[in-house]
Amino acid sequence: MDNREMLLDTALSLFYEKGYDAVGVQEIVDLAGVTKPTLYYYFGSKRGLLEALLYCYFESIEQKLRSAAVHDADMPQVLYRVAEAFFEGACGNPRFYLLMLSLFYSGRKSDGFQTVYPLIQRYYRLFVHIFEEAEGELGNMNGRQQQFATGFIGILHHHLMMAAGDREDLSGLEISGGQIYELVRQFMYGIYS
């Protein structure tokens, strides 16, 4: 592992365990076994390190979601594929995903929120687009695509957070196909009712 990767990995561990604001540059470089100039060379600042970390891991999850979100006139199947891709990505690196959520729920003027918000917006727009594509199939949307997207994302996030709970070891975190099916079924029931 090169110095850049070591810094990203170390920062992910520390930010996940302690929170972004509670970790200093010195702690990161000490644990990574590098110097401050090395961190500044690669990332420019602690915020630059966070930004690189978020974009590095987010791209993979976003790509999985984009591939799964292709509308094929079967909304339950589209949502199932998207939920499956979401859980595959989030459970594949739960420390990253839970860190991303914690940053989103941090103070609005904090570096953490300011850095993660553009990614959350991209992610949200992807989900809104799923419901916009299904407007003909789900005639009762009446301009509520954003509301449906927010509700579906909320269900996925909450289910992930409850599955992770207070577990120290997240390596075996998994959401089964049956659980995903039930989440989508319950969500669709709410849309159709």
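These questions and answers walk through a predicted model.
The numbering of residues runs from 1 along each chain as its sequence is written. In this predicted model, local features need pLDDT of at least 70, side-chain atom pairs count only at pLDDT 80 or more, and totals for chains, interfaces and linings use all residues, while side-chain values use heavy atoms, without hydrogens and water.

Reader: Which residues does phenylalanine 127 contact, leaving aside its neighbours within four places in sequence?
Author: Contact means heavy atoms within 4.5 Å. On that basis, the partners of phenylalanine 127 are Leu65, Val82, Ala149, Phe152, Ile153 and Leu156.

Reader: Why do the buried residues of α2 line one face of the helix?
Author: Helices here are DSSP runs (H or I, at least four residues), numbered from the N terminus. In α2 (residues 25–32), Val25, Ile28, Val29 and Ala32 are buried. They line one face because, seen down the axis (directions from the axis to the C-beta atoms), they fall within an arc of 90 degrees.

Reader: What does the face of α2 turned away from its buried side carry?
Author: The buried residues of α2 pack against α1 (3–18), α3 (36–43) and α4 (46–68). The face turned away carries two exposed residues, Asp30 and Leu31.

Reader: How many disulfides does a search of the whole structure find?
Author: A disulfide is a pair of cysteine sulfur atoms within 2.5 Å. The sulfur of cysteine 56 is 19 Å from the closest cysteine sulfur, in cysteine 91, so it is too far for a bond. Cysteine 56 is partly exposed at 43%, whereas cysteine 91 is buried at 12%. The number of disulfides found is 0.

Reader: Which helix supplies the largest share of the lining of the largest pocket?
Author: A pocket is an open set of points on a 1 Å grid over the protein atoms alone, where a 1.4 Å probe fits, with protein on both sides within 12 Å along at least five of seven lines; lining residues have an atom within 4 Å of a point. Lining residues of the largest pocket include Tyr117, Tyr124 and His157. α6 (94–104), α7 (111–133) and α8 (145–164) each supply at least two. The largest share, 5 residues, comes from α7.

Definitions and conventions: Buried < 20%, exposed > 50% of the residue type's maximum accessible area, 1.4 Å probe, protein only.
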